[in-house]
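Trainee: I have a new model open. Can we go through it piece by piece?

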Amino acid sequence: MDTNLLNNYVLKAIDAYPYELEETVENLNYALSYEANNAYALYLMGRLQAEQFGDYEKAKQYYTEALANKMDFQKVYPHYILVLIWNEDFEEAQKLIDFAFTVKGLNKAEVWLKQGQLFENIQAYKKAIKALKKAKLFSCNDDFTWLVDSEISRIKNKIKPKKKTSSKNNKNKKK
């Protein structure tokens, strides 16, 4: 198949997602009919399944296929990790995170963020904060740093013990 035609379909799908879902699906189907193992089309189909349809199992299949065809496809990792977390496949998510750290050129800050989110989901809040602080170290822009700071703040609020009713009220009730 002509690579330019395939790329046109993939680019049209990228451009349409997530605002024109019908156009996205149409172009992805064309792209995958021409080249069933196109990593970018598989990745975008995985995002569509996870983010729009909530079908995490199907999304996992698409992400797995995308990585099988192109292991160094960096865009897949954060989305795939997130789907594993959403699907409560925590051990699988940890394995993928561990592997993602070995992928050359991958945005390590984003992977540390996902590590923090994984720890938060399994209620390991102190580990989550440590991971998020590492994400902050790898951050290269203020928006990401702000996001990480807000995540840390939110998790710290989960750790704080709930305030007990004031001891004065308890003493007054005893009298």
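Trainee: Which residues form the negative surface patch?

Mentor: First, the ground rules. This is a predicted model, where local features need pLDDT of at least 70, side-chain atom pairs count only at pLDDT 80 or more, and totals for chains, interfaces and linings use all residues. Residues are numbered from 1 along each chain as its sequence is written, and side-chain values use heavy atoms, with hydrogens and water left out. The negative patch is formed by Asp15, Glu20, Glu22, Glu23 and Glu26.

Trainee: What makes a patch by definition?

Mentor: Areas come from the Shrake-Rupley method with a 1.4 Å probe, and only the protein chains shown count as cover. Asp and Glu count as negative, Lys and Arg as positive; His and the chain ends are not counted. Each charge is placed at NZ of Lys, CZ of Arg, CG of Asp or CD of Glu. Like charges are joined within 9 Å, and nonpolar side chains (Val, Leu, Ile, Met, Phe, Trp, Tyr) within 5 Å.

Trainee: Which helix gives the most to the negative patch?

Mentor: Helices are DSSP runs of H or I, at least four residues, numbered from the N terminus. Glutamate 23 sits in one of them, helix H2. With three residues, the top contributor is H2.

Trainee: Is glutamate 23 buried, partly exposed or exposed?

Mentor: Buried means under 20% relative accessible area, exposed over 50%, partly exposed in between. Glutamate 23 has 38% relative accessibility, so it counts as partly exposed.

Trainee: Which peptide bond is cis?

Mentor: Look at the loop between helix H1 (3-16) and helix H2 (21-34), where proline 18 lies. Omega is near 0° for the bond from tyrosine 17 to proline 18.

Trainee: What is the phi of glutamate 88?

Mentor: Glutamate 88 belongs to the loop between helix H5 (76-86) and helix H6 (90-100). This residue is exposed, at 59% relative accessible area. Although it is not a glycine, its phi is positive, about 60°.

Trainee: How many residues of H7 are buried?

Mentor: H7 has 14 residues and spans 20 Å from its first C-alpha to its last. The buried ones include Trp112, Leu113 and Phe119. H7 is largely enclosed by the rest of the structure, because its buried residues number eleven of the 14.

Definitions and conventions: Helix = DSSP H or I, 4+ residues; strand = E, 2+ residues; numbered from the N terminus. Buried < 20%, exposed > 50% of the residue type's maximum accessible area, 1.4 Å probe, protein only. Patch = residues over 30% accessible without salt bridge, like charges linked within 9 Å, V, L, I, M, F, W, Y side chains within 5 Å. Salt bridge = Lys/Arg side-chain N within 4 Å of Asp/Glu carboxyl O. Expected span 1.5 Å × (residues − 1).
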